[in-house]
Amino acid sequence: MVEQISPRLRVGFNAKALDGGRLLKRKLLPPLTPPQAGGIKLALVGFSQGTMTALNVGLRRDDVACILGYSGSLLEDDASIRTVTHKPLVCLIHGEQDDVVPFTSMPRAKELLETQRIDVETHARPNLGHSIDMEGIMIGGKFLVGSVK
């Protein structure tokens, strides 16, 4: 998904996001009581590599209600996307002028997620680089409120 980034930087991005995912799974997010047993559902929110980590973890945990990602990417490719075990709601928000994680990562992520019948909404933010603007915060807030009911 980060194919337009130099190979050296791509390896670093992927490694850090995967390391973060392992830490998130092992230490920060122990398994919760299953939602069908009255347990709670999580909302995962990330920016940049945090988005990569949230997607990597959240697509494989059944206690995740939704994933909100800003200026990030999907680490999956055509083969690994088939290992997804959970289908939370996903909202991706990305600046069209992002010079760190290419804007084209967002439509590619949407395309791959939709191959697995995952509901994805995307929002392009004009004139925005690798950042989050107030409109993106408002969009994300509405998404979260609507997703964790």
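**Strands, a helix and salt bridges**

Modeller: Strand E1 (residues 42–47) and E2 run parallel, joined by six bridges. Keep in mind that this is a predicted model.

Colleague: Which residue in E2 is the bridge partner of Leu44?

Modeller: Ile67 is the partner of Leu44.

Colleague: And how many bridges join E2 to strand E3?

Modeller: Five bridges. E2 and E3 (residues 89–95) run parallel.

Colleague: Is E2 mostly covered or mostly open?

Modeller: Mostly covered. E2 spans residues 64–70, and seven of its seven residues are buried.

Colleague: What unit do E1, H2 and E2 make?

Modeller: A β-α-β unit, and it is right-handed.

Colleague: How many residues of H2 are buried?

Modeller: Eight of 10, so to speak a mostly covered helix, at residues 49–58. The buried ones include Met52, Leu55 and Val57.

Colleague: OK, switching to charges. How many salt bridges are in the whole structure?

Modeller: A search finds four. Side chains of opposite charge can pair when their charged atoms come close.

Colleague: Which residue does Asp63 form a salt bridge with?

Modeller: Arg61. Their closest N and O atoms are 2.6 Å apart.

Colleague: Is Asp63 buried or exposed?

Modeller: Buried, because its relative accessibility is 3%. The cut-off for buried is under 20%. Arg61 is also buried, with a relative accessible area of 11%.

Colleague: Now helix H3. What does Arg108 pair with?

Modeller: Glu111, through a salt bridge with the closest N and O atoms 2.7 Å apart. Both residues lie in H3 (residues 105–115). They are three residues apart, about one turn of the helix.

Colleague: How accessible are Arg108 and Glu111?

Modeller: Arg108 counts as partly exposed at 23% relative accessibility. Glu111 is partly exposed, with 45%.

Colleague: What about Glu114, which residue does it form a salt bridge with?

Modeller: Lys110. The closest N and O atoms are 2.9 Å apart. Glu114 and Lys110 both lie in H3, four residues apart, about one turn of the helix.

Colleague: And what is the relative accessibility of Glu114?

Modeller: It is 39%, so Glu114 counts as partly exposed. Lys110 is partly exposed as well, with a relative accessible area of 24%.

Notes: Residues are numbered from 1 along each chain as its sequence is written. This is a predicted model: local features need pLDDT of at least 70, side-chain atom pairs count only at pLDDT 80 or more; totals for chains, interfaces and linings use all residues. Side-chain values use heavy atoms; hydrogens and water are left out. Buried means under 20% relative accessible area, exposed over 50%, partly exposed in between (1.4 Å probe, protein chains only). Helices (H or I, at least four residues) and strands (E, at least two) are DSSP runs, numbered from the N terminus. A salt bridge is a side-chain nitrogen of Lys or Arg within 4 Å of a carboxyl oxygen of Asp or Glu. Two strands pair if DSSP finds at least two bridges between them. A crossover is right-handed if, with the strands pointing away from the viewer, the path from the first strand over the helix to the second runs clockwise.
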